[in-house]
Amino acid sequence: MNNYKDFFLTSNANILIYECIEISHSGFSEVYRFTRNSTEGIIVSQNGAPIEYRYCPCQVDLAGSAKNLSQEVNLTFASKILEGLAKDLNTIRENNGFVEKPIMTHRLYRSDALDAPTSVLTLQVRSFSHDHQGLTVTAKATNTNSNRTGLIFSFERFNTLKSFL
């Protein structure tokens, strides 16, 4: 995340940030990769292999901050742009009911360093809707603490907790 801070605080004004979004699933016909802020598309290097992101106009709404574990992203694509993605999502919903959730990876690249992302956010696609206006995909972080023990942590029961304050 230091590279992300350095971009805004100390980088040259000619350097751009490219938002690269990838949606993948084992049942998809392809891995969908697109960028929303480069009309020519871009080619980046991931693990030494060139990966192409094609242009797709969309709106990305980040809900919450990057420090919050309950991260959520809403992606809205223009109609007719990603019909293949909509068909693949419908097929997965009909075949396995989202038992295996598609993965959405949101990467930020600097225009002067396309070989290493400055930020990577990996979320699960929870829901989607497709209508005449376009395709909306909602991706959310996995539930990391969905099990509850029923124990109440108090200073009387756990006196060593005071050292963390």
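Predicted model: local features only at pLDDT ≥ 70, side-chain atom pairs only at ≥ 80, totals over all residues.

Modeller: Residues are numbered from 1 along each chain as its sequence is written, and side-chain values use heavy atoms, with hydrogens and water left out.

Glu 22 is found in strand S1. Helices (H or I, at least four residues) and strands (E, at least two) are DSSP runs, numbered from the N terminus. Strand S1 covers residues 17–24 and pairs with strand S2, residues 32–35, in the antiparallel sense over four bridges; two strands pair if DSSP finds at least two bridges between them. The bridge partner of Glu 22 in S2 is Arg 33. The side chains of Glu 22 and Arg 33 also make a polar contact at 3.0 Å. A polar contact is a pair of N or O atoms within 3.5 Å; within protein, one must be able to donate a hydrogen and the other to accept it, and residues adjacent in sequence count only if both atoms are side-chain atoms.

Glu 22 has a relative accessible area of 9% and is therefore buried, a term that means under 20%, with exposed over 50% and partly exposed in between (1.4 Å probe, protein chains only). Leaving aside neighbours within four places in sequence, Glu 22 is in contact (heavy atoms within 4.5 Å) with several residues, including Tyr 32, Gln 46, Tyr 53, Ile 103 and Arg 107.

Thr 35 is buried, with a relative accessible area of 0%. The side chain of Thr 35 makes a polar contact of 3.1 Å with the side chain of Asn 37. Beyond its neighbours within four places in sequence, Thr 35 is in contact with residues that include Glu 19, Ile 42 and Tyr 53. Thr 35 and Tyr 53 are 18 residues apart in sequence, yet 5.7 Å apart in space, C-alpha to C-alpha.
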